[in-house]
Amino acid sequence: MFQGLIAFWHSLGSFLTVESIFFVLASSLVGVVIGALPGLTATMGVALMTTLTIKLPSSQALLILICTYVGAIYGGSRSAILLNIPGTPASAASCLDGYALARQGHAGRAMGIATTGSVMGTLIGMFFLALFTPLLGDLALKFGAYEFFWLAVFGVIVSATLTGGDPLKGWIAGFAGLFIATIGQDGIHAYERFSFGTRDLAGGFSLVPALVGAFGFAEILVAMQEKRPPVKINPFDTVIPKIRDVFQYWRTILRSGVIGTFIGIVPGVGEDVAAWSSYAAAKRASKEKELYGKGSIEGLMAAETGDNACVPGAIIPVLTLQIPGSAPAAVLMAAMLIHGVKPGPMIMIESPQFVYDVVAMMLLATIGILIYGLTLTKFLIKVLRVPTTIIVPIIFVLCVIGTFALAGRLFDVWTMLLFGVLGFVLRQFRFPVAPLVLGIVLGDLLEKSFRRGLVLSDGDLSPFFTRPISATLFGIIALVILLRVPAVNRFITGKSR
Amino acid sequence: MSIEIDPDDPLPPRLDLYSALAWMVFGGAVSVGSWRMDRLEHLHINKYEIPGLVPGLLGAAVLVLGLVLALRAIARGAFGTPTPTTQGESQFRTMALVFALTLIYALGLVGTGLPFWLATFVFVSVYIFLFDRERQAGLGRSVPKQAVLALVYGAATSAVVSLSFEYIFLVRLP
């Protein structure tokens, strides 16, 4: 316990330099602006910033990415409250009560509640990040090839099931993503697969250009498709949060923080599910249920606490299992690998200080959003008035030059375009993109674990089903799938047609 | 996770059937390609290390799931409903133009000898001039004024992006 605290103070001290503080303030601002602008998401923001920070030392680059991530998830609440348009999907739940409060002339108070909830949520998540990462790291040391295989399958299946929409389509997208990860030289014998003699493709698709395409280019295409109505802002009062709100709703804050963090830990689920789950739990337990959807302070607090608590939660499996808890966390993981940081079960043995570095980065990001939450309202309203038609070409230029900057090769730009078009077409047919991306991230782990497991057992499949952790993971996966089969679901839940 | 689908806006079963067929073809092609892949027998490798094993299984999974989607679409009346038109003509034209401009910029202008700053200036100016016209007209601005504004946006974006990437992020521009 005390060792952890000492390590945390040491990490925090290492970031208290003029350069780091400048990066915290700048990247939190970028994150808040990206999050506030409808159509630009946290994933796009983190992916673009990954390309911009490629030449920086790893600690500074990751500090910038974490501040952008936290800032973007928080920033989404601004447009949710002022425009009734969630800046990021994570803020959709905040529209319900945030906009209702704004229409009653309490937009400032709503923004103050959002700031309080986001700050408290990040702090609760940060506490669990520091507490659980070493524990989960110890547990992860017991994982072998069989467990990692099921964990990769689990990530894709659960992500497809819980991110909304049609799970069957999500599973298809997820398995397609797993396949895409196998393109190029295989990890054991360097045999080229599905590269069709192309030298660039022999190395496979790079992860960051694919993510920039799927979440950057595809999203700006969607933004161009959906015409945004002219911005009409309600008048607002003071944005300074009231201490009374924190004390009055401390149970809601704590509950939402815990729910948000734990949903973050589940691979591939993410902030929007965390916000909705926290909101639903708060409503169930509330004494003022009738206010929900009509301007409930408690409802807004729950949604904002839940989505921001999910951010540190989503980083816990990245650090301990090398499996992302959300889409922005997947980009963050790719950035860690690019910068030579190796997350995974060995992290608490090889580089325990890094875990506390991430906790310190999270605290600095929280300070960043608190500062901007209290000061930036008028500036953000100006940003919200910038039309999509002007933002889109600028973001696209950044997507192109950003992906080129990664390795100085045009193939990465082509990869970005390919995945952008693919992501856009998939969305038109209502296929979720998140499981596809998670599949690409987890494909290598799945393949290596599966082949290694089979070699170890000489082709015997039973260890995949009989080892305790493997069997548990397999059981959960089977249950998640079976519950989506209508007949089985009716049988298990006992509901008639 | 990120911007996803709107569950309140279901897709007609006919379109689900089309996408299911595309996935079945894709999954089938991957499975066949994996089956025909070299098994590296001359290297005497363990049979569970053959390179096509995992892609083949994943291709088969996509094929089976595509088949389930197709059967579900048929059960929901894919053959009974007419092919839906999802977009208006003007929206289709807009999207076609967006695709054309972005692809011309990324594939035709960048990295083909034209300086990056010039390619970016041309792309951003043309894009804003074409797509911001409705809003500009609503503000009462004449066409020449709209063109000048688009050129200003293009020049500013090109200068800021080119200079910052070259001198701050130390990137060799394409």
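Trainee: Why is Phe194(A) called buried?

Mentor: Phe194(A) has a relative accessible area of 16%, and buried means under 20% relative accessible area, with exposed being over 50% and partly exposed in between (1.4 Å probe, protein chains only), so Phe194(A) counts as buried. Please keep in mind that this is a predicted model, in which local features need pLDDT of at least 70 and side-chain atom pairs count only at pLDDT 80 or more, whereas totals for chains, interfaces and linings use all residues. Residues are numbered from 1 along each chain as its sequence is written, chains are lettered from A and ligands numbered from 1 in the order in which they are written, and side-chain values use heavy atoms, with hydrogens and water left out.

Trainee: What makes the backbone of Phe194(A) worth a remark?

Mentor: Most residues other than glycine have a negative phi. Phe194(A), which is not a glycine, has a positive phi of about 50 degrees, and it lies in the loop between strand 2 (192–193) and helix 9 (199–202) of chain A, where helices (H or I, at least four residues) and strands (E, at least two) are DSSP runs numbered from the N terminus.

Trainee: What is the area that chain A and chain B bury between them?

Mentor: The two chains bury about 6500 Å², of which 76% is on carbon and sulfur atoms; buried area is the accessible area (1.4 Å probe) that two parts lose on being put together, summed over both. Of the area that chain A buries against chain B, Ile172(A), Tyr191(A) and Arg430(A) supply 10%, more than any other three residues.

Trainee: What makes the meeting of Asp16(B) and Lys169(A) a salt bridge?

Mentor: The N to O distance between their side chains is 2.5 Å, and a salt bridge requires a side-chain nitrogen of Lys or Arg within 4 Å of a carboxyl oxygen of Asp or Glu, so the pair qualifies. The count between chain A and chain B is two salt bridges.

Trainee: Which helix gives the largest share of the side of chain A that touches chain B?

Mentor: Helix 19 of chain A does, with 13 residues.
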